[in-house]
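Let's walk through this structure together, one piece of architecture at a time. Keep the viewer open and follow along as the paragraphs move from strands to helices and rings.

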Amino acid sequence: MVERSLAMALSSTGTVAVFGPLDRLLDGGRSGPGVPSNAAAAIWSADGSVAVIGPGEPVDRGMARDALVFLAAPFPLRFRIPALRAGDRFEVEADVEFDATLIRERAELSAFRQFCMASGSVTASALAVRFEEHVAAVLREYVAARPVESVVGSADDAELDRALAARLQPELFAIGLALGRGVRTAFRSAAWEALRRDEQSAALRERQASAQARIREALAAARESHLAHLESLLKRMQTLSQEQGGVRLAELIRAFDLADRGALYEGLLRLAPAETVTQFIAAVAGHELLFIDPARPESIAKRVSFGPEAGPLRSIRCDADGTLLLGAANGVHRLRLAGGPRQLYIFKPPSPLRGGVNAAVERGSRLYATHSEVGLIDWPLDRPNAPEFPLSDLTQRVTTVRNVQLDGDGRLWLAVGPSVVNWAPDSPLGAVQLLTGETVESLLVTADDVLAGLSNGSILRFLRADPSVREVVRPATRDGVHALAAVSTGGVPRVLVVDGRPMAELLVLSDAYQVAFTAPEPLRWGWSADDCVVAANERRDRLYVWQTRDPARSPAVCPIGRLSGHSVQDVLLIPRGRIVEPEAI
């Protein structure tokens, strides 16, 4: 049992040799079993003679006194040497391993006996500590003479093996050990490997950037070729439209299949010249009218202040003749874009108001405005302090009255709760109420149609000539349609839709095509012109500005809340030629 325990200790605990009295280490009779099968032994007799016994051989006790039992096979010694410095100052760490074996000669066994006599046993790790500084000295000299790349990247080096052998053999021999076959060395440098990864990443990024640049160039060339083809095709279609006695271009495009129609609509958006160019983004915030250059929206070009008589500004509209109408909490400021005196049309509410005039329009000699808490308001242009409140039988029963507009026939359109109201003030027929089933959030009057954006996300289209004819332009979604705006670039009617998603969506009426102007946050309102699209975020402290012809490009940003100190209430896109200088206002 003693032999078995000793064999296990020598094979599993890292012990390479044990020294002590023979009776304690080995048992068995004169010819009985003694030395474990994985070990050899040196037996010292009382007369000083030494006998070496091989693995599994019996021990003849005789005059035996002490025994040194050691691993018969070579055993590995392992070292980890940190903080080496390569010739280019990179820090290197090394792992070294070599085999050692006891020399089975009397003098060498006696030397090893002296080494392990004090502790009674010797482990491989204890031997490694004895030789560690010798290994480290050789490695420091070797690594310092070379750049890190040649150290880390090298395979086995015969020069290093010779240097280690020359340094270690005398030290091993001094305690009865011999160096086994081959020294195994592995070097690492975390700093150099990190640098190499960075360089490889940079090289990869450079290759990717180069590949992306080539792809972009190829795409640009293909796009140019595609657009040139589209431009030629669209010109022919425009000519055909004129030759066919006014057949609309949109009707000709709908003759193509869906994929070709999409390409044609995209081509029209990109290639058709803008009929008007926006000179200013005019915004109302607090008591100020702000003019913003769409090419430089990061700053305010001009501020125009208004007094507190009618309260904070809430809306802005402009008639075809250049008359500017600014809705306020309880009134409307009327002025000319070209300059001149201002007029204030005011009403006195019976109780404090939370909102304000959300839209205003002139019709003949009268001024009309909508206010959700008041209804429809009507002033004679020559009597700004004499408001009237028509259609009160319709407006007093609802919580929202919005977006009064004038069509080409002189009829007023407005959103009244869940209905669209059409009214010619001088007609004996009275108002026509078109029920929608949902609250009308937004309203847009075009040359031929009236579009209503509902609180359930659907969009209805009424034929102006016969309002009883209606069409669902877009079915219900989860978000209400907060804003509708018309765009007619290239002769194809489109409508801009903003409904609380992080995009303003441009739809082609009567066809299944849309394009998105995306933003990094949800949008609340939107406005459009031939050359640009503008939208406000939910907090109304930021305006996003896109070029109409390039929806994919990231928008420019106007931080209007920070610039003005107020949230934006409404926006008007003023085309070039309608105003000379804001200072004239």
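Two strands pair if DSSP finds at least two bridges between them. Strands (E, at least two residues) and helices (H or I, at least four residues) are DSSP runs, numbered from the N terminus. This is a predicted model, in which local features need pLDDT of at least 70 and side-chain atom pairs count only at pLDDT 80 or more, while totals for chains, interfaces and linings use all residues. Residues are numbered from 1 along each chain as its sequence is written, and side-chain values use heavy atoms, with hydrogens and water left out.

With that in hand, turn to strand β32 (residues 532-537), which is joined to strand β33 (residues 543-547) by 5 bridges, the two running antiparallel. Here Val-534 stands opposite Val-545 in β33. Both strands belong to an open sheet of 4 strands in the order β31-β32-β33-β34, with antiparallel pairing. At its edges stand β31 (523-528) and β34 (556-558), each with a single partner strand, so one side of each is left without a neighbour in the sheet. On average, neighbouring strands of this sheet are turned by 25 degrees against each other, direction ignored.

Another open sheet has 3 strands in the order β16-β17-β18, again with antiparallel pairing. Its edge strands, β16 (359-363) and β18 (375-380), each pair on one side only. From one strand to the next, the twist averages 20 degrees. Strand β17 (residues 366-371) is connected to β18 by 6 bridges, and Leu-367 has Trp-379 in β18 as its bridge partner.

Next, look at the hairpin of β14 and β15. Strand β14 (residues 331-336) runs antiparallel to strand β15 (residues 343-346), and 4 bridges join them. Val-332 stands opposite Tyr-345 in β15. There are 6 residues between the strands of this hairpin, where Gly-339 takes a positive phi near 105 degrees.

Now for the helices. Two packed helices are described by the angle between their axes and the distance between the axes. The axes of α4 (residues 124-144) and α6 (residues 158-173) come within 10 Å and cross at roughly 155 degrees; axes are lines fitted to C-alpha atoms, for helices over the stretch in contact, and angles run from 0 to 180 degrees between N-to-C directions. α4 and α6 are therefore roughly antiparallel to each other (angles over 145 degrees count as such). Their contact (heavy atoms within 4.5 Å) includes Phe-131 and Tyr-142 of α4 and Leu-160 and Arg-167 of α6.

Finally, the structure holds 10 aromatic pairs, meaning rings of Phe, Tyr and Trp (its six-membered ring) whose centres lie within 6.5 Å. One of them joins Phe-79 and Phe-98: the ring centres are 5.5 Å apart and the planes lie at 25 degrees, so the pair is stacked (planes under 30 degrees apart). This pair links distant parts of the chain, with Phe-79 in strand β5 (residues 75-85) and Phe-98 in strand β6 (residues 91-102), 19 residues apart.

How values were computed
Angles under 35 degrees count as roughly parallel, over 145 as roughly antiparallel, 65 to 115 as roughly perpendicular and the rest as oblique. Rings of Phe, Tyr and Trp (its six-membered ring) pair if their centres lie within 6.5 Å; planes under 30 degrees apart count as stacked, over 60 as edge-to-face and the rest as tilted.
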